[in-house]
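Okay, thanks for coming, everyone.

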Amino acid sequence: MSKDMKELPGTPVSGKELKSDKIITFEWRPNAKYAWSAGIAYGRYLDELKEGRIIGRRCSRCKRIIVPPRMFCEQCFVATDEWVYCKDTGTVNTFSLSYLDADANRIKEPILVAVIDIDGASPGVGILHLLGNVDPKKIDVGMKVKAVWKPPEEREGAVTDILYWEPMED
Amino acid sequence: MNIRKRVAVIGAGITLYRRRLKESGKELSFYAANMALESAGMSRNEIDSVVMGTAPDAFDGIHMKSENLLDGAGATQKPYTHVYVGGGTGVFAPIGGWWHIASGMHDTCLVVCEEKMSPCFPHPQTAFRSIWDPIISRPLNPNLVWIFALEMHRYMKVHGIPKEHIAQVAVKNKGNALDHPSAQLAAKITVDDVLNSEIMVYPVNRLDISPPSDGAAALILASEDVARKYTDAPVWLDGVGWSLDSAYWTNRDLYFPQYVAKAAKMAYKMAKINDPPQEVSFAEPYDPFTYKELHHMEGLLLAEKGQAPKLTVEGVTARDGDLPICPSGGLLGVGNPIAAAGLMKCCEAFWQLRDEAGKRQVPKAETGVCQAWGDLMQVGTVCVFKRDS
């Protein structure tokens, strides 16, 4: 702000004042529901997860094998043309330990979050998922991990059919 | 490139930035826009067009909120455009204004950015839940801070950067903000304060994060010939650049923001800047998190990859250093009303390049670079401002 201006517009309101009757507010909670089509590529991806397998797509132009799969290569901008099974093992590319839940509430036990580069996909091609069955202090970038699946009868065709990824035994 | 008119900034305005302001979005827009008009010595009828930058509708809970804000932005019965690229919006809105004038279509354009994050409660983070891909991400119940912590950790691991070096950004920016009259979180703190603050999502501590905020800012842009009628000290918007990377963010290496580098190169080329660290006097990279300032300095080619933390620790990026970074106090100090936070940086460039920044004034400020970033770590927006010579 210009050095000549001393007073700025704006009236701060504290959380306490907000709850008092001094501030008039109107509340509304939307009652909206959505049903998203998974689409062609994610549809097959989810079908395969239900079977305990990770599938990617190959672009015949740049030769990348990409996970999560898509029906087009966003770099070459051509249709991808082949389904390729990948392994359910991978490498921790990066990780974080979340003491916040999805609504930013504090939680005591951290959620172990990682990007996992998938074995059988192109280098640097990873997915967002969770780690488990590991001491948070022992997680590191480069750690080899393996998917821990839900029992087949409990799988529903969702990314959560993998419960988490755990360290592989040497 | 066929740029028909050189674009000047001739006025700026800003409100207080706070966790919660009593004023409505329209009122905040009006206050910022009106201050910008007054500082340029203009009235609304001298404005040809208006560009509004405002981030997710979900914060306000008002769908197509730019239409709701229109009257407050002075846009009634004028050509009006809403631009939105997530957190990158605040530096994208002046680019939108630049299009109107550089093309020769209009002579003046009012650029307004507004954000009220407070209507969404108990926490605006809930509104961010709708950013996730519903098929492959949302079932994991992600929090947006997760992915920034993932990016930060990747950056730290690739370069071997200690957390203490990154924490220095919070110390500097919150300190700089002590001199900014809008500031929400100005404070004198230490590196230990940052390291000892609550862990939100490791490696991000509470003092590494900018706050949710309400606020608004505005700029007046004008073509060269018209600008000279209003002021002897126009500030030139001589370079603009923007680039967006793939939404498949788990398929790219997060240690370096290539899209920011692409946007910066585009803007530098336009502004005829060949050696950014030598030719840029100060920069306002987007700093919603401490590491982002460093990551973005590297993306803006102001530091070699992995070297921005070292420059910060050595004091190079302090307000009295060789390359002041976020002399305003940034988002970490002034606050983060998303779109308005980015435009605050452009307001700062305007005041710095007119020697109007008061205690925040950077000596010998000739060229300033502002940058914003957003969505799923994929948006880079860049503006290069120059002093009139």
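**A walk through the two chains**

Let's start with Thr290(B), which touches Ile166(B), Val169(B), Ala170(B), Leu207(B), Asp208(B) and Leu332(B), leaving aside residues up to four places away in sequence; touching, or contact, here means heavy atoms within 4.5 Å. Thr290(B) sits in helix α12 of chain B, residues 290-299. Is Thr290(B) buried or exposed? It's buried, with a relative accessible area of 0%. For that word, buried means under 20% relative accessible area, exposed means over 50%, and partly exposed is in between, with a 1.4 Å probe and protein chains only.

Before I go on, some housekeeping. This is a predicted model, so local features need pLDDT of at least 70 and side-chain atom pairs count only at pLDDT 80 or more, while totals for chains, interfaces and linings use all residues. Residues are numbered from 1 along each chain as its sequence is written, chains are lettered from A and ligands numbered from 1 in the order in which they are written, and side-chain values use heavy atoms, with hydrogens and water left out. Helices (H or I, at least four residues) and strands (E, at least two) are DSSP runs, numbered from the N terminus.

Next, how the chains meet. The contact takes 53 residues from chain B and 55 residues from chain A. About 4,800 Å² is buried between them, and carbon and sulfur atoms give 65% of that; buried area is the accessible area (1.4 Å probe) that two parts lose on being put together, summed over both. How many salt bridges are there between chain B and chain A? The count is 3, and one pairs Arg129(B) with Asp103(A), where the closest N and O atoms are 3.2 Å apart. A salt bridge means a side-chain nitrogen of Lys or Arg within 4 Å of a carboxyl oxygen of Asp or Glu.

Strands cross between the chains too. Strand β6 of chain A, residues 89-100, runs antiparallel to strand β5 of chain B, residues 199-202, with 2 bridges joining them; strands pair if DSSP finds at least two bridges between them. Ser98(A) has Val201(B) as its bridge partner in β5(B). Now stay with Val201(B), whose bridge partner in β6(B) is Val204(B). Those two strands of chain B, β5(B) and β6(B), the latter being residues 204-205, pair antiparallel over 2 bridges and form a hairpin with 1 residue between them. In the loop between β5 and β6 of chain B you find Pro203(B), and a cis peptide bond joins Tyr202(B) to Pro203(B), with omega about 10 degrees.

Chain A has a cis peptide bond between Val67(A) and Pro68(A), omega about -5 degrees. Pro68(A) lies in the loop between β2 (65-66) and β3 (72-73) of chain A.

Last stop, backbone angles in chain B. Gln77(B) is not a glycine, yet its phi is positive, near 60 degrees. You'll find Gln77(B) in the loop between α3 (65-69) and β3 (80-83), and it's exposed, at 83% relative accessible area. Asp375(B) also has a positive phi, near 55 degrees. Asp375(B) is in the loop between β10 (367-374) and β11 (379-387), and it's partly exposed, at 23%.
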